[in-house]
Amino acid sequence: MNTNLLLHRFFNGFLWLALPLLLAPVAWALADWAVFSAVFRPDLQACQQAGGQGACWGVVAEKWRVILFGRYPLEEQWRAGIVLLLWSVLLFATAARLFKSKTAFSLWALLLPASAVLLHGGVAALPTVPTNLWGGLPLTLILSTVGFALALPLAVLLALGRQSAFAPLRRFCITYIELLRALPLVTVLFLAAFVLPLWLPGEGLDLFTRVLFTIALFSAAYLAEVLRGGLQAVPAGQGQAAKALGLNRVQRNVHVVLPQAIRACLPSLINSFVTLFKECSLVTIVALFELTGALSLALAGDVQWRSFYLEGYLFIGLVYWAYCFGLSKTVK
C-alpha cells in the first residue's frame with residue numbers, strides 16, 4: 001500500500017482520537033458554566049454568589065418580557081405575544097412550503113392588517129400603542145419580513161431594468177443599485193430618521209414607517225443583483241421559445257423566465273433574508289428597540305442586573321440562531 005496513503009489514514013485516525021481528548025476539558029468547562037453551576041431562577045443574590053463560576057440565566061427569567069417585547073406596555077403584551085406567535089408560525093410554514101403560493105399569499109394578506117390593528121389598537125376597546133413603543137422580537141420580524149416583501153418586487157424591476165436595451169432605464173437601475181450598495185445601512189437609517197423629516201410636509205411619516213421603507217429600498221439593491229444572477233442562469237432558449245409561442249415581453253418574463261430565475265437563486269434569496277433579519281438590529285441607533293436593542297433597554301437602567309450582559313446576549317444569539325437555522329432547514 002502507498003506510504004502516503006498509510007500516513008494519511010494514520011493522521012486521520014490520530015485526529016479522531018486526539019481532538020475529543022483535547023476538547024473534552026473545554027466542553028466540560030462550558031457545560032459546567034452553562035448548566036451544572038448555572039442559576040436559572042431570577043434570584044439576584046444567587047447570581048452574585050455564583051461569582052462568574054456559573055451562568056446567570058436568571059437575568060433572562062427576570063427580564064424576558066422587556067427583551068422579547070421592548071417598551072410595549074406590560075399590560076398589553078399579550079397582543080404582541082399573539083403577533084409574535086402567528087408571524088413565527090406562518091414564516092416557517094411559508095418557508096417549508098406547507099401552503100400553496102396563493103394560500104400563503106392570502107394568509108399573509110390577512111395577517112398584515114390584523115397584526116397592525118392588534119399592535120396599534122385604537123379599535124374594539126384596545127388601547128392605542130404608538131409605533132415608537134413597538135419593540136423586541138415582533139419588531140424584528142415585522143421589519144425584516146415586510147421589508148423583504150416590499151423589496152422583492154422592486155428588486156425584480158431593477159434586475160430586469162439593468163438588462164434592458166433602453167439605455168436611460170438601464171443606467172438608472174445601475175446607478176440605483178451601485179449607489180445603495182456603496183452606502184452603509186447605518187448611514188441610510190440616519191438619513192431616514194433625522195434628515196428625511198426635514199423634507200416632508202407637516203408631521204410626515206412616523207419613524208417606524210420611514211425605517212421600514214428605508215430597509216426595503218436598501219435591500220432591493222442587493223436582491224436585484226441576486227435576481228440578476230438567477231436571470232443569467234436561465235437559458236436564452238427559454239425566452240426565445242416563449243416568444244415563438246406568441247407571448248409578449250411581460251408574459252415571457254412573468255410566466256417563463258422569472259419563475260426559473262427565482263428557483264435558481266432561491267438559496268441566495270434565503271441568505272439575503274437571513275442577513276436582513278440580523279441587520280435589523282441596527283435600527284436601535286434610531287431609537288427603535290428591536291430584539292438586540294431591547295436587551296440594552298432591559299439592562300442599561302438596572303444597576304443590579306447590568307453585570308449579566310453576557311447571558312443576555314447569549315440568549316438573543318440563541319434566538320437569532322433558532323430562526324436562521326430553522327429557515328435554512330425548512331426551505332427545500
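The model is predicted, so local features need pLDDT of at least 70 and side-chain atom pairs count only at pLDDT 80 or more, while totals for chains, interfaces and linings use all residues. Residues are numbered from 1 along each chain as its sequence is written, and side-chain values use heavy atoms, with hydrogens and water left out.

Now the cavity. By cavity I mean a set of points, on a 1 Å grid over the protein atoms alone, where a 1.4 Å probe fits but cannot get out; lining residues have an atom within 4 Å of a point. Among the lining residues are Trp-134, Gly-135 and Pro-138. H6 gives the largest share, three residues; helices are DSSP runs of H or I, at least four residues, numbered from the N terminus.

Next, Ala-159, also in helix H6, which covers residues 136-162. Is Ala-159 buried or exposed? Ala-159 has a relative accessible area of 1%, so it is buried (under 20%, with a 1.4 Å probe and protein chains only). Beyond four places in sequence, Ala-159 is in contact (heavy atoms within 4.5 Å) with Ala-224, Leu-227, Arg-228 and Leu-231.

Terms used:
Helices (H or I, at least four residues) and strands (E, at least two) are DSSP runs, numbered from the N terminus. Buried means under 20% relative accessible area, exposed over 50%, partly exposed in between (1.4 Å probe, protein chains only). On a 1 Å grid over the protein atoms alone, a cavity is a set of points where a 1.4 Å probe fits but cannot get out, and a pocket is an open set with protein on both sides within 12 Å along at least five of seven lines; lining residues have an atom within 4 Å of a point.
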